[in-house]
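Hi,

Here is the structure I promised to pass on.

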Amino acid sequence: MKKRILATLLSGAMVATLFTGCGGSSSAPAAGGSGDAKEEAAAGEGAASGDNVINLWSFTDEIPGMVEKYIETHPDFGYTVNTTIIATTDGAYQPALDQALQAGGADAPDIYAAEGAFVLKYTQGDAAEYAAAYEDLGIDVASEVADSQIAQYTVDIGTRPSDGKLVGLGYQATGGAFIYRRSIAQDTFGTDDPAEIAKIIGAGSGSWDKFFEAAETLKGKGYGIISGDGDLWHAVENSSDAGWIVDGKLVIDPKREAFLDLSKKLKDNDYHNDTQDWQDAWFADMKGEGPKGIFGFFGPAWLINYTLAPNCGGEAVGEGTYGDWAVCAPPIGFFWGGTWVLANKDTTKAEAVGELIEWITLNSTEDGLQYKWANGTLNGEGGTKDCVASGTVMANSNGELEFLAGQNMFDAFVPANSYANGKNLTQYDETINQYWRDAVRGYTSGELSRDEAIESFKQNVADNLDIVVE
C-alpha cells in the first residue's frame, strides 16, 4: 500500500484477511492485494514433488488459502500443493510466471493467478497459449456458468478469442458503486438514504453533471466530494467504450480523454483534497482526518472490506468513521480489479486441477467457496463478507454490514456487476494507465498544457511499448 505505481498493478485480488480476519494489511493496495504474503523465489525448493503434487503460483496468499481450505474440508482429495507466492511489487510476478510457463516441466505451474491489471495477457494476449480451456479440465462450462449466473464481464475477460474457450474466471465480483459518509450526507443533503443519494449524484445517468452539482453543494458546506482524482479514474477507465489498444494502435477513448477535464475541474474548484490513491493522505481521508471531510469513494465491495474498514480509525460503531458509511449506485457503471484463476494446458493433473478451480470459481452451492465467502463463513461465523462472481450465490446471501450501519451492500453491488464492461481491457493496462495518470497530473498541476499532456503520454507509450502511436 506504499508505492504509487502499485495502484495500477494491484487492482483486484483480496488479501489474506479472507483467512486471517478483516483488517489485514498488504504490501500493496488491497485493491490488488499482494497481502502480507512472503515472496518465494521459486516453487518447491525442498518441497514435495510427484504425481500427487499440484504447483500453484499466485501473487498473494489468497488463492493458496482457498486451496488449503478445500484440502482441509475434502480429506479424500489426495493431492498436496506446492505454493509459490511472488508479490507484484516492482513488477516481479509476471516475469517469473512467464519464465515458469515457458520452461514447462515438473516445476511448471499447474494453477496460476492473474489479476485485473494484467489478466488479458494470460487469457487473450501473449501468454494465452499456455492456458487450458476449462472444458479440458472436466468442467461443464456452459451449464455451470449459466446455473451460477456468473457475472458476464468476468466471462468476457476470461475467454480466449482465438478459439472462444473459457480459460479463466474470477471468484469475486468487482462491480463498482459509490461509498459515502452518512454524517456528511445528512449535514449537506438532509438525508443519508442510499436511494436519495443515488439521485443526487446522478446514478445511472451516464453523466458526471449531477455529480459535480453535488460537489458544489458539498463545497458550500466545507466538504470535498472525493479524496483525489484517482477516485474518479477507475470509474472513467472501466466505463470507456474502447481500451487503450485497437488493432495494434494506441487509442484514447473520448471518455478517457475527458478525464483530463474532469480531473482539472475537481482541482480548480477545490472539490477534493488532491490526494493520490494508496498514499497516506488518501487513507487519512478515510478516517476523516484530511484537510476537509471527504464525502465518498468509488469502488467495489473489496474497497470497503480491505481498504476503508482497516483505515477508518476504528473497529466498532462510534470509533473513527466505522458505521458512518453507506453504498449507492454510481453515475456510470464500472468494475475495478479482480483475480482470475487459470490452469496450465500441459498439467498432468487436469482432473484434480479442474476440481479445485470449479470449487473456487463456479460452485454455487452452500459447500462452495463463493457461498462461504459471501456470507463470511469460510472460517466459521463472523468472517468478512464479500461480493462474489456468482449471482446465484449473491441472491441467497446476506450482505448486511455493521460498517455500513446495517445496510445490505449486495443491494448496490449486485446490480453494479451487470453494468460492468469487460471488453475494454488490454494486456498493457497497468503500464499505460500509469503513463496516463502521470500526464493528467502534469496537466492539472499546471506543468503541462492539455495538448502537452496528451503528447507526453503518447511519447511514453511510443518509447516503451511495442504499440503504434499516431
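In which sense do β1 and β3 (residues 111–115) pair, and over how many bridges? They pair in the parallel sense over two bridges; here two strands pair if DSSP finds at least two bridges between them. Helices (H or I, at least four residues) and strands (E, at least two) are DSSP runs, numbered from the N terminus.

Before you read on: this is a predicted model, where local features need pLDDT of at least 70, side-chain atom pairs count only at pLDDT 80 or more, and totals for chains, interfaces and linings use all residues. Residues are numbered from 1 along each chain as its sequence is written, and side-chain values use heavy atoms, leaving out hydrogens and water.

Back to β1. W57 has Y112 as its bridge partner in β3. With β2 (residues 80–85), β1 pairs over six bridges, also in the parallel sense, and there V53 is partnered by T80.

Six of the six residues of β1 (residues 53–58) are buried, so the strand is largely enclosed by the rest of the structure. Buried means under 20% relative accessible area, exposed over 50%, and partly exposed in between (1.4 Å probe, protein chains only). V53, N55 and W57 point one way, while I54, L56 and S58 point the other.

Two loop residues are worth a look too. D247, between β9 (245–246) and β10 (249–250), has a positive phi of about 55° without being a glycine, and is exposed at 76% relative accessible area. D270, between α12 (254–268) and α13 (280–287), also has a positive phi, near 55°, but is partly exposed at 41%.

Cheers
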